[in-house]
Amino acid sequence: MHAHRHRPAAVLTAALAASALLAALAGCAAPAAEPLVPDPDAPVAITVLVAPVYFEANYVAEAQGFYAEHGLDVTIQRGTTADAALAALANGSAQLAGSSGVATITAASRGIDARIVGGISGMDEDANSGIYVGAGSGFDSPADLTGATIAINGLRNTTELLLRIAIDEDGGDSSKTQFVEIPYSAMNQSLASGQVDAIYQVSPFSSSVDGVRLENPYSADFAGAPAVAWVATSAYAEQNPAVIDAYTAAMAEAYAYANEHPDAVRAVLDEVTELSAEDLEATELIEFGMTIEPEVVGRLADAMLDYGFIDRGVELAELLREGS
Amino acid sequence: MRRAHPVRRVLGELWLVALLVAVLLVATALAPSLYFPPLGEVLAAIARGFVDGPLLGHLAYSLGNLLAGLAIGAVAGVSIGLLLGMSELAHRVVDPALQLLRATPKVALIPLLVALLGLGAEPKIAIVALAAVWPILLNTVDGVRGLEANAVDVARAFQIPLGLRIRRVILPAALPQILAGVAIALSLGVTVLVVSEMYAATQGIGFSVLQSGRSFDIVGTWAGTIVLGVVGYLLNLAMLAVERRALHWHHGPLDGSTEERGARG
Amino acid sequence: MTATALATGRPVATAGARTRRLVWGWRLALVLLLAGLWELSRAPWSPAAELLPPLADIGVALAGLPLRAETWAAVGATLGAALTGLAIAGVLGVALGTLLGLLPAVARATRLLVELARAMPVFGLLPVCILLLGTGFPLTVVIVVTACVWPFLVQTRLGVAGLHPQLRDVVRAYRVPRPLVVRRVLLPQALPMIGTGLRIALAMAVVVTIGTETIIQSTGLGERIAIAERSGAMALMFAYVLLAALLGLACNVLAVAAERSLTRWRPAEVG
């Protein structure tokens, strides 16, 4: 009786286990279809996952009808980190995503399909963002930050890489520098209470930093590194080149418009954040531009390999969509 | 019902896990996908992480913070719980506040604690204590109130001094409930600890898993996740052993309250 | 906790009104004390001075929440994700729990797996799940299901497995078909236990949803908390945290009521 009852149960359990496994492995499906062609009369619906910064122009493009003019029906989704953005591309819940150049290179080095199709040039320091240290702390140059603890808003990302380079080029040793991830909103407090020695802060929060700003320490080699890279999977980009072109064209128009209409950008910020009126006013807006400089991206990838951000080099051809 | 032979019993519990691991080993090796890397590689990464990698350090840091937070939460929970359990009035007065505090999403307080306590272990210990204190406190109250009628009245009638009464009568009798509360606190504590290690952290197993994921180190992410699960399981086992040891003189099953141990909220 | 927590309405006799006044008096004193402590910790010498907003600001922000469209959208999104996850977890947990309760061999074989999976700190799954799913609605639901399926499963298994020996004999003697036994005997018998599972799971669903939203910033109350915090709007952040706590509290009350109604329905005792 006992042995007799064991069998079907065992078979059933094994079957359940096997089907669970199959279900897990069958996670990815590959859609194949005709290339999509944007048409103002029959717009192509796409979802764009924007980066947590520099997303304002996407809302401007929507409000000003730039997407519609280029035959796109864009759903904007707020994004968080690059890993989530690239996952959304891979599982098809978004077609385009804003990521950072460094994160995209990291992903590509791990074999994840991510092509940069355009980007916001930036990282140009303005007077309201950069490295702040406590007044009288004795940190006067990047080399002084050897052995210091620096708060940045994302580990193993662009800021960390460029700061490490700056410290080393200045004669310091960045391997002794500790980086810690803290949101911009909490950095000032960390600096004031001495939890960290330096912070990389941006406006509007930089206006209330209790400290002094180090002059732009970055190497000129990386001027024009993409602040946000627009990324698609190579499968989608190759299948639907017209959609990508329409999107980059619409965004270029949106960036131009945003640069001329700072109030429109502030209105977006007011809508999607909880910044106070004063903070909103104090927010320094960047000069948006839709350009990618392949040489800079290449230099970034090389530096990432040098600094152990990635284990293997990444060729530009693996990273950039042809013609972008 | 005759009890199965111990070896048979262990086999009966292990065969499916072994089969599953074997199937996964083979399947992921034969058909590796980016997001489901070969299990062999993941296990190798775990081994490497323990032998010469940072995994052991991360784990030690996390466990240290967990235990410190649990200890603080237990001491606070049991002592406040005793007080509230013995005073009907005090209990009625603070109960609404307790319920509200218990329902507060602790995870949302992590940034505040970090700003207050710094980037070290302190905010992590604090958030574990803050999450752990409520189940222990509420279970202590229940345990103390549940036995008020009989043993305590006798003890009171014989004018046994309060300190002795607490130590010899109330605490032992409430122990099953208290330990059940600690078990819930443990699972809650692990959960909030992991989250605290994802905010302004520099080490810890949660930090390690998050950074692996962020840098698309998929093998490392799976490795850390598996370690987390196994550690959680071993902690539960340890808790069960503690309960069994502490209550070995107790007759019958461990009170109805063990059903609650799955609760994380 | 189950029985004793419900028995708070112990006899207070005729002194009831006086006691109630006393309790409310002390409660008022407690509130004043806590408010005083809060304001004291905002004093310039306190390390928390910069962090804690005045209580009045939090009150104003809290009162203003219902006027904000995003509040309702966030509450809706949070409840939507929590209830979707809860429903899936309930169906899955009751089905699997029934299976495990009916087939002891399967229960034995899967015990280790279940224990391992239960012990997983849910938020620890986030990095892997983000890589697999991104950070949208599906991720939140998956996390909620992972957290909430266990109370259902464990309680159902306990309820189903504990079939009264006399009932078992009857069922066997009359060769009642299995499906009928499950539907008419086992599940009804397990209902009170499932009710307890529901109470635990419902409370967990809301907490886990808000936690997930805070961490990954997907639409919901947790995201509002994170946005307010990251915009430096501390009073608003505390207001949202309070709202989240009230929502959790409401769900707890609801869950206890749900459990009670399921528990009240007991099949006739045998023997």
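**A loop residue, then the rest**

Analyst: B:Ala200 sits in the loop between helix H7 (162-196) and helix H8 (205-214) of chain B. Helices here are DSSP runs of H or I with at least four residues, and strands are E runs of at least two, numbered from the N terminus. This is a predicted model, where local features need pLDDT of at least 70, side-chain atom pairs count only at pLDDT 80 or more, and totals for chains, interfaces and linings use all residues. Residues are numbered from 1 along each chain as its sequence is written, chains are lettered from A and ligands numbered from 1 in the order in which they are written, and side-chain values use heavy atoms, with hydrogens and water left out.

User: What is the phi of B:Ala200?

Analyst: Phi of B:Ala200 is near 50°, a positive value in a residue other than glycine. Most residues other than glycine have a negative phi.

User: Is B:Ala200 buried or exposed?

Analyst: B:Ala200 counts as buried, because its relative accessibility is 4%. Buried means under 20% relative accessible area, exposed over 50%, and partly exposed in between (1.4 Å probe, protein chains only).

User: And what about C:Gln217, where does that lie?

Analyst: C:Gln217 is in the loop between helix H9 (178-216) and helix H10 (221-230) of chain C. Phi of C:Gln217 is near 55°, also positive in a residue other than glycine. At 21% relative accessibility, C:Gln217 counts as partly exposed.

User: New topic. At what angle do H2 and H9 of chain A pack?

Analyst: Helix H2 (residues 56-64) and helix H9 (residues 241-260) of chain A pack at about 100°, with their axes 9 Å apart. Axes are lines fitted to C-alpha atoms, for helices over the stretch in contact, and angles run from 0 to 180 degrees between N-to-C directions. H2(A) and H9(A) are therefore roughly perpendicular, a label for angles of 65 to 115 degrees.

User: Which residues meet there?

Analyst: On H2(A), the residues include A:Ala57 and A:Val60, and on H9(A) they include A:Tyr247 and A:Met251. Contact means heavy atoms within 4.5 Å.

User: How many disulfides are there over all chains?

Analyst: Zero, in a search of the whole structure. A disulfide is counted when a pair of cysteine sulfur atoms lies within 2.5 Å. C:Cys148 counts as buried at 0% relative accessibility, and C:Cys251 counts as buried at 10%.

User: Last one: how many helices and strands does chain A have?

Analyst: Chain A has 13 helices and 10 strands. Of its 324 residues, 53% count as buried.

Terms used: Angles under 35 degrees count as roughly parallel, over 145 as roughly antiparallel, 65 to 115 as roughly perpendicular and the rest as oblique.
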